[in-house]
Amino acid sequence: MKKIFFHYLKPFYLRMAGGFVIKFAGTLMDLFLPWALAYMIDTVIPANGRKEILLWGIFMLGCSALAVLFNVLANRMASRVAGDAIYVIREDLFAKVMYLPDSLADKITRPSLLSRLTTDTYNVHQMLGRIQRLGVRAPILLVGGIAMTLMLDAALAGVLLATLPLLAAVVVAVSQRSIPLYGHLQESLDGFVRLVRENIAGIRVIKALSREGYERRRFGQINREVVERERKAAMTAAITNPAMNILLNLGLVAVIAVGAVRVNAGLSEVGKILAFMTYFTIILNALLSISRMFVVVSKAAASAGRIAEVLEAGDERGWMADKEAEEQKLQEKDRAREPELPGKKSPHISFDHVSFSYNKVADNLTDISFSLKRGETLGIIGSTGSGKSTVANLMMRFYDVDKGSVLIDGQDIRAMDLHRLRSRFGAVFQNDVLFAGSIYDNIDMGRGLAMEAADKAVSHARAKDFVEDKGGTGEMLEIRGANLSGGQKQRLLIARALAACPEILVLDDSSSALDYRTDAALRREMKEHFAATTCIIIAQRISSVMGADHILVLEEGRIAGYGTHQELMAGCTIYQEIARSQTGQGR
């Protein structure tokens, strides 16, 4: 919450101060009305001064008009400040998510990040607007109302003041319980969003397996959990209004009783009692507004904490904060390596005894070493979960290695500018995404590529025929490319990776939906037009990697074989088993 008030609201302090002054003036107009009414009843009317009655009536009408005008103006300013502030918060939060390390994003979870960008920012927006509208008006009405009652009749005001400590105790007790409850509610909403996203994305699979009933039961369970936590938080917060009503109404009864006695004894006047009851109503409404504001603040406090957790987390830009010291350290390490012989060039890509773990408990990759010359192709194959995609993740520095180093042109990638590093790559990942937009937009991805470059990439990816059939690269795609087949999606994703003529190409299971003929034609196209590009092909099919210059066979995160297709067929049992199961070779 501190970050919201002291960082994001700082540029709006002047505007907020202006709004507070206007709101203060409008609230004073509201407070003058009961006092003017009491003065008219007790002083002006008994004197039968018609001119004075008219003037006081005009005064009250003017106060009412100014109160409306000032409050409307202040509320508009408050809404503007809240909207502008939350715009900046969302911008920074989205930018932070874009640069969030994958390890941290995995820990927070994607649905939780989505919830923080939507529900949590909405809660903070509501709080910022409510505090500016009621955070000034309600306390002024409360304090001003008490001050006016003290001026009217101190004895009656004492009866009212006796209830205030009890009211404060109720508000504090409820707030201490409700804030944690709203935090737990947001955690349940994260799980709710995650389940809904999974079910909507996999609705065809659910229907195909007739699992609608099972998914409805799962949804019902998480839905009940959200409802129960929401009910518990709401019921806790709802204690405030009834408790305050009871205490204030008891105070009002006491005021009327004491007031009647004082009027009968000649110690007070009827106008003062009427004004006092009006002020009592004002004070009641102010306290109820404050109690409702505490509910909004409770939600916002939980949401602001979740937002701050992301905003204050380290990001990929932070990885480069100590770049010079890190680079110097790595350069010293590089100089300590075996000196290069004259005319000998560093490998284009090399893994030097790399080990890595996602959970930092058990290694997902252990002691991986290989090197590639510029223009060579590495095929990576192995069983599911063997660490194939992890090699690509480390190469593009989505994660940092735990041991060893990844080098490009002899330089440790940790010493490179992250943007420049990744700009050298073209990549197609497992379950990659096409966005709603034109085919060209999905290939360009904001890089400013010429239309000719996009058309060439479409041709190289063997996607020209179906793109022309659909109307060209200007044709619009639905979300996630829903109007394309699996093979068509993969060819457009490959076209996206090829469009900028990358120095290094990573294809992670990018041909699984292609028929063998198209897959073979695509590989021929790559050899012909991208001979200088170093390729990393991660595949399940042995036909996709058997023509590679080197093939890396992984098993449970370790190297089970490394060499050409012929070398592995002669000496790698696991590779032989894969070949037999897919092609029948070796039988």
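How many disulfides does a search of the whole structure find? Please start there and carry on.

Author: Happy to! This is a predicted model, so local features need pLDDT of at least 70 and side-chain atom pairs count only at pLDDT 80 or more, while totals for chains, interfaces and linings use all residues. Residues are numbered from 1 along each chain as its sequence is written, and side-chain values use heavy atoms, with hydrogens and water left out.

Now your question. A disulfide is a covalent bond between the sulfur atoms of two cysteines; here it is taken as a pair of cysteine sulfur atoms within 2.5 Å. The search of the whole structure finds zero of them. Take Cys 501, which is in no disulfide: its nearest cysteine sulfur belongs to Cys 535 and is 12 Å away. Cys 501 is exposed, because its relative accessible area is 59%, whereas Cys 63 counts as buried because its relative accessibility is 3%. Those words have cut-offs: buried means under 20% relative accessible area, exposed means over 50%, and partly exposed is in between (1.4 Å probe, protein chains only).

Next, the strands. Helices (H or I, at least four residues) and strands (E, at least two) are DSSP runs numbered from the N terminus, and two strands pair if DSSP finds at least two bridges between them. Strand β11, residues 550-555, is mostly covered, with five of its six residues buried. Strand β3 (residues 377-382) runs parallel to β11 and is joined to β11 by five bridges; there, Gly 382 stands opposite Leu 554. β11 also pairs with strand β12 (residues 558-563), this time in the antiparallel sense, again over five bridges, and Ile 551 faces Gly 563 of β12. Two residues separate the strands in this hairpin, where Glu 556 takes a positive phi near 50 degrees.

Strand β10 (residues 534-538) holds Thr 534. Thr 534 counts as buried because its relative accessibility is 0%. Its side chain reaches the backbone nitrogen of Gly 375 at 3.0 Å. Leaving out residues up to four places away in sequence, Thr 534 touches several others, including His 348, Leu 372 and Ile 504; contact means heavy atoms within 4.5 Å.

There is also an open sheet of four strands, ordered β2-β1-β4-β5 with antiparallel pairing. Its edges are β2 (365-372) and β5 (411-412), each pairing on one side only. Helix α13 (residues 388-395) packs on this sheet and touches β1, β2 and β4, its direction making about 115 degrees with that of β1. For such angles, axes are lines fitted to C-alpha atoms (for helices, over the stretch in contact), and values run from 0 to 180 degrees between N-to-C directions. Inside the sheet, β1 (residues 349-356) and β4 (residues 403-408) pair over five bridges, with Ser 355 partnered by Lys 403.

Finally, the interior. In soluble globular proteins, nonpolar side chains tend to be buried together. A nonpolar core is a set of buried Ala, Val, Leu, Ile, Met, Phe, Trp, Tyr and Cys residues joined through side-chain atoms within 4.5 Å. The largest one has 35 residues, and Leu 142, Leu 167, Tyr 279 and Leu 287 have the most contacts inside it. Helix α11 gives the most to this core, with 12 residues. Apart from this core lies another, of 32 residues, among them Ile 368, Ile 380, Leu 418 and Leu 552.

How values were computed: Polar contact = N/O pair within 3.5 Å; in protein donor to acceptor, adjacent residues only side chain to side chain.
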